Amino acid sequence: MSEDLPDSLIPYDEIVQEALRAVVGRVLGEVEQTGGLPGNHHFYITFKTQAAGVDIPARLIERFPDEMTIVLQNKFWDLKVSEDMFQVSLTFNQVAAHLTIPFSAITAFVDPAVNFALQFQVQADAVPEPHDEAENDAPEVKAEDGSNVVTVDFGKKK
């Protein structure tokens, strides 16, 4: 292939990102339909707290002004999934909170039980700041080799 390829007029990167976020929606939709997580499955979902459509309590935005990670495992309820977002209730330091998160705000989805992960592109001009874990009553999980991590990066050639 030549290094002088023209820029694509088809937004492949956006199409792939949208398709991968649909995977998250389908998985969460199945959890909603069955009423719980099967086996040892549990999810770490990282999202941009300031993204359009995100609705979380102000105290969480203050603590996580850019990005936060939630855990769906034992202590969550009221999971509702639609075509473009999901809603869930969790506890943070023993205080209940209802969250609305559009799939477009998600930057990572991990199921450590089966070593599966999806990472989504972040806008080139927006570098996420380091953040603490959300601490919504999740167990400690040691990271393993990310052999099933799917990363899609369509960087423009310079």
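Where is the place of Asn 115? Keep that in mind; the tour ends there. The model on screen is predicted.

Begin by selecting helix 1, residues 12-34. At 1.5 Å a residue, its 23 residues should span 33 Å, and the C-alpha atoms at its ends are 33 Å apart, so the two values agree. Next, colour the buried residues of helix 1, among them Gln 17, Leu 20, Arg 21, Val 24 and Leu 28. The elements that cover the buried residues of helix 1 include strand 1 (43-48), strand 2 (67-72), strand 3 (76-81) and strand 4 (85-92). Just after helix 1, click on Gly 35, where phi is positive, at about 85°.

Now go to the largest nonpolar core, which has 30 residues. Select Ile 45, Phe 47, Ile 70, Leu 72, Phe 86, Leu 99 and Ile 106, the residues with the most contacts inside this core. Helix 1 and strands 1, 2, 3, 4, 5 (95-102) and 6 each supply at least two residues of the core. In soluble globular proteins, nonpolar side chains tend to be buried together.

Stay on Leu 72 and show what surrounds it. Leaving aside residues up to four places away in sequence, Leu 72 touches Leu 28, Leu 37, His 42, Phe 43, Ile 45, Val 88 and Leu 90.

Move on to the loop between strand 4 and strand 5 and select Gln 94. Its phi is near 70°, positive although Gln 94 is not a glycine. Gln 94 is exposed, because its relative accessible area is 73% and exposed means over 50%.

Last, select Asn 115, in the loop between strand 6 and strand 7. Asn 115 is not a glycine either, yet has a positive phi of about 55°. Its relative accessibility is 23%, so Asn 115 counts as partly exposed.

Key. Residues are numbered from 1 along each chain as its sequence is written. This is a predicted model: local features need pLDDT of at least 70, side-chain atom pairs count only at pLDDT 80 or more; totals for chains, interfaces and linings use all residues. Side-chain values use heavy atoms; hydrogens and water are left out. Helices (H or I, at least four residues) and strands (E, at least two) are DSSP runs, numbered from the N terminus. The expected span of a helix is 1.5 Å times one less than its number of residues. Buried means under 20% relative accessible area, exposed over 50%, partly exposed in between (1.4 Å probe, protein chains only). Contact means heavy atoms within 4.5 Å. A nonpolar core is a set of buried Ala, Val, Leu, Ile, Met, Phe, Trp, Tyr and Cys residues joined through side-chain atoms within 4.5 Å.
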